[in-house]
Amino acid sequence: MTIQSVRKLNVVVVDDDPSMKRLLLQVLANHFDERLNLWGFTDPHEAQQWMDQNCCDLLISDIEMPDIDGMGMLIFAKRRNAWTQVIFLTGHSSWDRVTEAIENGASDFLLKPLNKDELIKLVDQELERFIRWQTALRGRKTTAGAS
């Protein structure tokens with residue numbers, strides 16, 4: 001896959017558990033190397049301040065957090081940039097919560113404990129989508145994933 005003319009995907013990770021945030025960032029950095037710009041936050045307020053000033057292409061957020069939960073993060077991110085994709089992390093969620101997240105634009109869910117292969121697979125899909133969108137906006141054909 002050639003991504004020379006496409007900028008890096010800006011990924012924001014938000015989890016109130018510092019060890020989960022570190023794990024997510026480490027897995028993403030190790031696997032995606034130079035294809036992602038990564039930012040991690042344990043405080044959703046700080047994440048929102050960052051997103052208020054910068055472009056977030058992919059938000060990976062715990063859905064259950066005190067004060068500002070994942071749903072609040074999703075709504076904030078989508079208002080700032082409708083193209084932002086959102087993947088939620090959850091240990092358990094009700095059907096109503098999942099439905100609400102999908103209705104508000106969530107892309108997908110990952111269950112805790114974290115399955116690293118699933119995380120990589122989902123972020124890979126988001127990266128491919130991002131490349132297709134960037135390529136389409138520039139009016140060039142892409143050879144990645146041609147069917």
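User: Which residue in E5 does Ile87 stand opposite?

Analyst: Ile87 stands opposite Asp108 in E5. This is a predicted model, in which local features need pLDDT of at least 70, side-chain atom pairs count only at pLDDT 80 or more, and totals for chains, interfaces and linings use all residues. Residues are numbered from 1 along each chain as its sequence is written, and side-chain values use heavy atoms, with hydrogens and water left out.

User: How many bridges join E4 to E5?

Analyst: Strand E5 (residues 108–111) is joined to E4 by 4 bridges, and the two run parallel. Strands are DSSP runs of E with at least two residues, helices are runs of H or I with at least four, and both are numbered from the N terminus. Two strands pair if DSSP finds at least two bridges between them.

User: Is E4 buried or exposed?

Analyst: In strand E4 (residues 85–90), 6 of its 6 residues are buried; buried means under 20% relative accessible area, exposed over 50%, and partly exposed in between (1.4 Å probe, protein chains only).

User: Which side chains point which way?

Analyst: Gln85, Ile87 and Leu89 point one way from E4, and Val86, Phe88 and Thr90 point the other way. In a regular strand the side chains alternate between the two faces of the sheet.

User: New topic: where is Leu137 found?

Analyst: Leu137 is found in helix H5 (residues 116–138). Leu137 counts as exposed because its relative accessibility is 57%.
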